[in-house]
Each structure stands twice: as C-alpha cells, then as structure tokens.
Amino acid sequence: MLRSLYVKDFAIVGEADIGFGPGLTVVTGETGAGKSLLVDALLLLAGNRAEASLVRHGCERAELSAEFDLGGRQDLLAWLRDEELDDDDACQLRRVIRNEGSSRAWINGRPVTLSQMKALGERLIEIHGQHEHQALLDRNQQLALLDAFGAHGDALEEVRTTARAWRSVVGRIKEISRGEDHAERIEWLSHQVKELDTHALTHEALAELEDTHRRLANSGQLVQGCAGLADLLDGDSEFSISRMIARAHGESQRLAALDPAIEPLRELLDAARIHVEESVDNLSRYQGSLDLDPERYAELDAQLGKLHELARKHRLGMAELKAHGDTLREELETLRNAGTLLVKLESERDELLGHYQAAAKELGKARRQAASRLGESVGALLSDLGMAGGRFEVELEPSGCDEPETNGAERCEFMVSANPGQPLRALRKVASGGELSRISLAIEVAALGLDDVGTMVFDEVDSGIGGAIAEVVGQKLRRLGSQRQVLCVTHLPQVAAQGHAHLQVSKSSDRDNTETRIERLDDKARRDEVARMLGGIEITKETLAHARQMLQAAQSGD
C-alpha cells in the first residue's frame with residue numbers, strides 16, 4: 001500500500017508531500033489544474049522513462065519519492081533481498097530527473113537501474129489510464145488480458161519455451177540441409193584447423209613466448225647492463241656499494257660500543273649489508289642464465305611472425321586463435337557428421353512438436369474456460385453500467401498457422417452487443433466512444449484483483465459516462481477500495497462522492513509563475529468541492545445540500 005508521495009519541482013508542482021491511507025482516494029480539480037500529475041509521478045517511480053520537460057521551469061532537477069507498506073508481502077521482501085536492496089520491511093522508491101534529461105533512481109537509498117525500478121514498480125502499482133480504452137482494441141492485448149484473467153502464466157510460458165526450441169531446431173536443420181555441396185567447405189575447414197592446431201597457443205603459452213622473445217631481443221643490453229650493475233654493487237672500486245656499507249657498518253659498531261643509542265642504526269646497516277649481498281648473488285645467477293642464442297631468437301621471431309599472420313588472416317587477436325580453432329573444428333565435425341546430426345535433429349524436432357501440441361491444447365482448453373467466465377462477468381457489469389441487455393463474449397478461433405507459435409494456437413476477439421437484439425460485433429468496430437468507455441471499464445473491473453498488486457490507480461477511466469452510470473462506477477470503485485488501495489483521478493461528482501478520502505488539485509498563477517497545490521480535504525471542503533463539480537456558476541444552498549446528500553449516501557452504503 002502507498003503510504004506517502006513526495007514531489008518537488010515536478011512540472012508545475014513546487015513541492016507536495018501527500019499521505020495516503022487504505023480505501024478509495026479520489027483526486028479532483030479544475031480542468032488543467034494538473035490532476036494527472038500524481039499519476040505521472042507514480043508512473044515515473046514505477047520505471048517509466050523521464051523527459052527533461054518534466055522538470056519545473058527554472059529548476060535544476062525534479063525529485064520524486066514514494067514510501068510503501070509491503071504488508072507482509074513475502075514475494076516483494078524476497079525480491080528486495082535477492083537484489084540486495086532490502087532494509088528490514090521498508091520500501092522507498094526515489095527518482096531524480098535533471099533538466100538536461102538525465103535521471104537517477106534509488107530503492108531504499110541504494111542506486112538501481114531503471115529495469116530494477118520497473119520490476120519492483122509493476123509489483124507495487126497497477127495503473128489504468130484512458131489510453132487503455134484503445135489498447136483493448138488490439139487483439140494481441142485482448143489475448144494477453146484473457147491469459148491474465150485465467151492465470152495462464154505457467155501454461156503460456158511452457159508453450160512459448162517449446163515453440164522457441166522448435167524454431168531453433170528447425171533453423172539448424174535448414175542450415176545443415178541447404179542442399180549445398182559441403183566438400184569445399186570441409187576442405188577449407190580442414191586446412192584452417194590443421195594450421196591453427198600447429199601454431200595457435202594458449203594464453204599462458206603465448207605469454208611465455210612473448211616474454212622469452214623480448215628477453216632474447218634485448219640480451220645484449222641485458223648482459224652489458226648486468227655487468228655495470230655488478231661492478232656498482234660489488235666491484236673493485238673503493239666506492240662500490242658493498243665496500244661503502246661495510247665501512248659504515250664497522251664505524252657504527254665502534255660508535256655503538258660508546259653509546260647504545262647508536263645500536264638501531266647499526267642494525268639497519270647490518271640489514272642493508274645483507275640485502276646488498278643477496279642482490280649480488282641474485283644478479284650473479286641471472287647473469288648465468290642469460291642466453292645469447294641468435295638461432296633461438298630467430299626461431300621465436302618466426303613463430304611470432306606466423307601468429308601475427310594468422311591473426312590478420314582471421315581478424316582476431318593472437319590470444320583468440322586457439323578458441324577460434326576449436327570453433328572451426330566443431331563446424332568441421334558437424335559437416336562431416338551432417339547425416340547423423342540431421343537424423344538426431346529431426347527426431348528432436350518431432351518430439352518438440354508433439355510437446356508443443358500437447359501444451360497448446362491444454363492452454364487452449366484453459367483459455368476457453370476463462371473466456372466463458374470473463375464473458376459472464378463483463379456481461380453482468382454491462383447491465384450495471386447502463387447497457388441493459390448488452391452482451392459480451394470472448395471469441396477464440398484457430399490461429400491458422402501450421403507451425404508452433406509463441407502465443408499458442410488461438411487468436412482472440414472481444415465481441416460485444418451494446419443493445420438487445422443487435423448481433424455481436426468486434427469490440428474494435430464499436431463506434432460510440434461512450435459505449436467503448438463503459439465496455440472497457442467493465443472489462444477492467446472484471447479483470448481486477450487477479451494479482452497481488454496492493455495499489456490500483458485509475459486516471460479518468462470514467463470519461464465518456466455520467467449520471468446514474470457514473471454513480472455505479474463510483475460504487476464499484478469504493479467496493480474495490482475495501483479490498484485494495486485505490487487512487488482515482490476523476491471529473492465526475494458521482495465518483496468523487498464515493499471516496500474514503502479526497503485530494504483536491506488547484507492551480508494558481510501570477511505574472512511570473514504558475515503553481516499547482518495538492519491538499520487533503522476535510523468534510524466541509526469535500527462538500528464544497530463536490531458541489532463545484534455538480535456545476536453552475538454560483539454554488540447555491542440546493543447544490544450544497546445535494547453534495548452533502550451524495551456524500552452521506554456513499555457512507556451509508558458501506
């Protein structure tokens with residue numbers, strides 16, 4: 001459940017901190033006041049993409065945050081733990097949008113990607129907007145809604161997985177059995193594999209080759225440099241480091257005998273003498289290992305040259321040649337054993353087809369059952385919404401495709417008869433905007449509550465209706481609010497009167513600035529706002545009385 005929403009410098013909202021409770025919260029205000037900004041803010045906190053135009057004019061950034069009560073939702077708590085975003089039972093979403101268009105997101109104070117915020121937002125908030133009237137006209141969306149209504153997620157995933165696997169196998173069969181003569185390709189691959197097997201090296205072997213080549217290439221400088229270093233460390237000169245340290249060490253011993261405070265210095269010089277002796281020994285051993293071998297250097301140089309040539313030829317790095325050879329070898333073996341592989345793949349294809357047909361049959365059976373239930377539920381609601389005698393059916397027909405499809409073997413069409421005696425017609429062919437709004441609302445209400453989403457948001461889904469039908473819509477939303485938290489942006493007083501809580505959005509302007517305010521209304525203010533929505537230039541006593549009566553009727557209906 002949504003506990004609070006904070007917005008700052010968002011569109012025309014300067015700053016607003018709004019608390020929410022259970023039940024139905026209605027949001028009203030004059031046209032253009034910015035009622036839908038609350039929905040826009042929640043959409044952004046649910047992972048929608050942001051635009052720079054959403055930042056209030058003259059400001060550097062817009063800030064949005066929302067706090068949710070997870071109410072013991074173990075699935076959400078587990079998701080937060082898996083993503084390492086958990087903070088006891090807290091759930092806070094935060095989004096910052098900068099005026100140059102960039103944005104950042106946080107969950108429980110930790111930076112997250114937009115996909116992570118979207119994944120969590122979809123589990124927290126379900127938003128129904130005016131655009132869904134048009135989305136419901138799309139047959140793919142209709143099939144998706146039917147599957148959601150019937151809870152076909154597992155069955156649909158099995159169908160999709162099997163169809164994708166079948167297509168993959170069929171693609172491999174086509175690739176292998178293109179009817180081409182593979183002899184030329186086999187001959188070319190055999191040559192490449194043999195050449196790479198001969199010359200390509202593992203990462204470790206290549207590193208060792210390059211080190212040895214570099215050492216031999218610089219062996220002359222190394223011999224000369226080591227000789228000079230040996231003379232500096234322990235040469236015949238009285239100024240060699242070993243002799244100078246020996247003298248200093250002897251002098252420190254004499255002074256330490258006079259004053260024990262010199263003893264630490266003597267110990268340091270003693271350690272220095274030992275380090276120099278070890279350095280001389282190590283240098284001596286290294287000099288002995290140096291190999292001035294021109295023939296060996298030429299051999300390694302030729303080997304590296306061949307590797308460079310192969311790298312250019314295959315357009316790869318030298319370190320990648322070994323793995324590339326393994327890949328070519330796999331292709332070579334596949335072509336050499338094409339006949340055997342084809343038999344195996346064809347058997348796998350037939351097995352997957354049988355699996356798909358069985359899974360699609362079960363999904364189709366479940367869809368037909370869900371279609372019947374959805375038709376009955378929506379048909380009953382149509383009568384409540386002023387379309388007495390109206391009918392709604394979900395028509396399923398074969399997709400007509402002989403190959404496995406990821407959405408199953410059926411196509412879906414929502415069929416509607418708005419008036420008694422009229423034949424069923426496709427929903428997408430219903431001409432009346434008001435009828436489409438009511439039918440769409442009936443479908444949405446029938447499909448509500450199919451998941452665990454705790455907060456449902458309706459953005460003027462009651463457009464195109466009014467009068468008694470609007471009151472019925474409000475009553476249904478209020479009843480829904482007894483099961484879920486509901487936030488509804490509305491322009492209808494019949495719906496507004498049904499709210500358990502009421503937010504008013506107002507806009508004020510002066511010469512330099514326009515600002516939207518959002519405030520929670522008390523009982524008196526609610527009456528005045530419902531009266532304003534009832535209409536008329538002047539709010540009369542009769543209008544106020546009507547508004548009071550509507551509010552009282554809504555409360556008495558619980």
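Student: In this predicted model, which residue has a side-chain oxygen that reaches to within 3.0 Å of the backbone nitrogen of Asn 140 at the start of α5?
Tutor: The place to look is the start of α5, a helix that covers residues 139–149. A side-chain oxygen there lies within 3.0 Å of the backbone nitrogen of Asn 140, and this oxygen belongs to Asp 138.

Student: Which residues of helix α5 are buried?
Tutor: An α-helix has 3.6 residues a turn, so residues three or four places apart point the same way. Buried here means a relative accessible area under 20%. In α5 the buried residues are Gln 142, Leu 143, Leu 145, Leu 146, Asp 147 and Phe 149.

Student: What is the phi of Ala 151, which follows α5?
Tutor: Most residues other than glycine have a negative phi. Ala 151, following α5, has a positive phi, near 55°.

Student: Asp 9 and Arg 315 have positive phi values too; is Asp 9 buried or exposed?
Tutor: Phi of Asp 9 is near 55°, although Asp 9 is not a glycine. Asp 9 is part of strand β1, residues 2–10. The cut-off for buried is under 20% relative accessible area. Because its relative accessible area is 16%, Asp 9 is buried.

Student: And is Arg 315 buried or exposed?
Tutor: Arg 315, with a positive phi of about 55°, sits in the loop between α12 (294–314) and α13 (321–336). A residue counts as exposed over 50% relative accessible area. Arg 315 has 78%, so Arg 315 is exposed.

Student: Which residues does Lys 476 touch, not counting residues up to four places away in sequence?
Tutor: Lys 476 belongs to helix α16, residues 467–481. At 16% relative accessibility, Lys 476 counts as buried. With residues up to four places away left out, Lys 476 touches Leu 381, Asp 384 and Val 445.

Student: With which residues is Gln 192 in contact, leaving aside its neighbours within four places in sequence?
Tutor: Gln 192 is placed in helix α7, residues 183–199. Its relative accessibility is 2%, so Gln 192 counts as buried. Apart from neighbours within four places in sequence, Gln 192 is in contact with Lys 313, His 314 and Leu 328.

Student: Why does Leu 385 count as buried, and which residues does Leu 385 touch beyond those up to four places away in sequence?
Tutor: Leu 385 is in the loop between α14 (338–384) and β9 (391–398). Leu 385 is buried because its relative accessible area is 2%. Not counting residues up to four places away, Leu 385 touches Arg 438, Ala 442, Ile 469, Val 472 and Val 473.

Student: What separates the C-alpha atoms of Leu 385 and Leu 436?
Tutor: Leu 385 and Leu 436 are 51 residues apart along the chain. The separation of their C-alpha atoms is 12 Å.

Student: What radius of gyration does the protein chain have?
Tutor: The chain has 19 helices and 15 strands. Its C-alpha trace spans about 120 × 85 × 45 Å along the principal axes. A compact globule of 558 residues would have a radius of gyration near 24 Å, but the value for this chain is 39 Å.

Student: How many positive and negative side chains does the protein chain have, and how far apart are the centres of the two sets?
Tutor: The accessible surface of the chain comes to about 30100 Å², of which 48% belongs to carbon and sulfur atoms. There are 67 positive and 95 negative side chains, and the distance between the centres of the two sets is 6 Å.

Conventions
Residues numbered from 1 in each chain as written. Predicted model: local features only at pLDDT ≥ 70, side-chain atom pairs only at ≥ 80, totals over all residues. Heavy atoms only, no water. Helix = DSSP H or I, 4+ residues; strand = E, 2+ residues; numbered from the N terminus. Rg over C-alpha atoms; globule rule 2.2 N^0.38 Å. Areas by Shrake-Rupley, 256 points an atom, 1.4 Å probe, with all protein chains shown as cover. Lys, Arg positive; Asp, Glu negative; His and termini not counted. Charge placed at Lys NZ, Arg CZ, Asp CG, Glu CD. Buried < 20%, exposed > 50% of the residue type's maximum accessible area, 1.4 Å probe, protein only. Polar contact = N/O pair within 3.5 Å; in protein donor to acceptor, adjacent residues only side chain to side chain. Contact = heavy atoms within 4.5 Å.
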